[in-house]
Amino acid sequence: GDVIVNKNLHTSSQSVGTRALFISSTKMMLVVACFFPLSSWAFSLQSTLTARPRSSATFRDVVTAKAEGDVILIGVAADSGCGKSTFMRRLTGIFGGGQNVGPLGGGFDNGGWETNTLVSDTTTVICLDDYHLNDREGRKVTKRTALDLAENDFDLMYEQLAALKKGEAISKPIYNHVNGTLDTPETIEPTPIVIVEGLHPMADERVRDLLDFSLYLDITDDVKFAWKIQRDMVERGHSLESIQASIEARKPDFDAFVAPQREHADVTIQVLPTALTEDKDGKILRVKYIQKDEKECYEPVYLFDEGSTIEWTPCGKKLTCSFPGIKFAYGSDEFMGNPCTVVEMDGKFDNLQELIYVESHLSNTGTKFYGELTQQMIKMGDSPGSDNGTGFFQTLASLKIREFYETVTGVTIKADAPATVKAAEKVAA
């Protein structure tokens, strides 16, 4: 038979033979199976000589005070057009609730008002654009962009988010994206999970300290440029010169006021150009799931063997993919000055059903049953990024945030019922 690693085992010293992995420890054992022929793997494993210290997952003072029914505040930071809306759908879908997430008050088209707030009986999603200090005309006077910290009311943001965390209703302003005005405030009632998304959820220290969990969607400049050309030049007929001018005009403020928040994020999903082939259109992506080490109540996701450095090209018979294929990686790294654990994917999927093959080699995914990660990807199969690492890691992050919520509060979120995943038989073959 061929050899696989039991992912529940952990040791400080490993070595790889040509046909077997020997684990040196008096308390460890070699697990031999015949699931995956070693010849079908393009796989390299470099063991770490000393295991990194693991988080004890002890609660902070604010966490120990959590009880059932308390509000958990989650912050998601990203530039516009970077996938926040899609991630919100994935995340709120994982948390479920008795009703689908929709606009507060039904939205303008359903007899309500122009709102940026999405609600269900378990979640509230607040767009931080609502805390812009000036409307569109006002910013023409100040000659500042909405990315500038001076154009945002962090005092009110802190005051109102602190009130929501205490279980108090707030009267929140509305920034009308249609006409650029500040509209009549709306009343927000607290729900068990409040998600704040926008440009600056971690920019103000007071607001940052309120967050129980934070995530940054980091789209690198090359990918942003390729996406914007596809949208504005190919689909909207804009000139290349106008697109370049728009990006260059926005970049200084983005670099100064938005990008530094990556340092504070518990998880960063970083999207880069592929390293597998040349792709100027940004259609093949290399995506990193960057997990800050020692985050309390969070166990990092890992591939195959915790603490090792791994590169893996999946078996083509179990995971079909078009040129240039798919490659995964895992290991320790440093990001924005912080030690971290990184899982990486480069390439595109052809068949979402077959994702269960990849899922079977990941551990600490936050799933409640075998195949839940794959099932959630299939559920959102028509959404942007569902054939690459952006959708894959957004879904993984959603499952991990649910797990974090349950750990902190002791409240169990009901998962969707398991569905039959056709590729499961292929994985076990």
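1. Burial: a residue is buried if its relative accessible area is under 20%, exposed if over 50%, and partly exposed in between, with a 1.4 Å probe and protein chains only. W312, at 0% relative accessibility, therefore counts as buried. Y357 is buried as well, with a relative accessible area of 0%.

2. Basis. This is a predicted model, in which local features need pLDDT of at least 70 and side-chain atom pairs count only at pLDDT 80 or more, while totals for chains, interfaces and linings use all residues. Residues are numbered from 1 along each chain as its sequence is written, and side-chain values use heavy atoms, with hydrogens and water left out.

3. Helices α2 and α10. Helices (H or I, at least four residues) and strands (E, at least two) are DSSP runs numbered from the N terminus. The axes of α2 (residues 84-95) and α10 (residues 389-409) come within 9 Å and cross at roughly 40 degrees. That makes α2 oblique to α10; angles under 35 degrees count as roughly parallel, over 145 as roughly antiparallel, 65 to 115 as roughly perpendicular, and the rest as oblique. Axes here are lines fitted to C-alpha atoms, for helices over the stretch in contact, and angles run from 0 to 180 degrees between N-to-C directions.

4. Handedness and contacts of that pair. With contact defined as heavy atoms within 4.5 Å, T86, F87, R90, L91, I94 and F95 in α2 meet G391, Q394, T395, A397, S398, L399, I401, R402 and Y405 in α10. The residues of this contact divide into eight nonpolar, five polar and two charged. Nonpolar covers Ala, Val, Leu, Ile, Met, Phe, Trp, Tyr, Cys and Pro; charged covers Asp, Glu, Lys and Arg; the others, Gly among them, are polar.

5. Helices α9 and α10. The axes of α9 (residues 372-379) and α10 come within 10 Å and cross at roughly 125 degrees. That makes α9 oblique to α10, and the crossing is right-handed. On the α9 side, E372, L373, Q376 and M377 meet G391, F392, T395, L396, L399 and R402 in α10. By class, this contact has five nonpolar, three polar and two charged residues.

6. Aromatic pairs. The structure holds 11 of them. Rings of Phe, Tyr and Trp (its six-membered ring) pair if their centres lie within 6.5 Å; planes under 30 degrees apart count as stacked, over 60 as edge-to-face and the rest as tilted. F213 and Y298 have ring centres 5.9 Å apart and planes at 40 degrees, so the pair is tilted. F213 lies in strand β11 (residues 213-219) and Y298 in the loop between β13 (285-292) and β14 (302-303), 85 residues apart. Both F213 and Y298 are buried.

7. W312 and Y357. This aromatic pair is edge-to-face, at 5.6 Å centre to centre and 65 degrees between the planes. W312 is in strand β15 (residues 309-313) and Y357 in helix α8 (residues 355-359), 45 residues apart. Ring pairs link Y289, F304, W312, F328, F349, Y357, F392 and F393 into a cluster.

8. Q160. The residue sits in helix α4 (residues 154-165) and, at 7% relative accessibility, counts as buried. Not counting residues up to four places away in sequence, Q160 touches Y131, I170, S171, K172 and P173.

Key:
Left-handed = near helix turned anticlockwise from the far one by under 90°.
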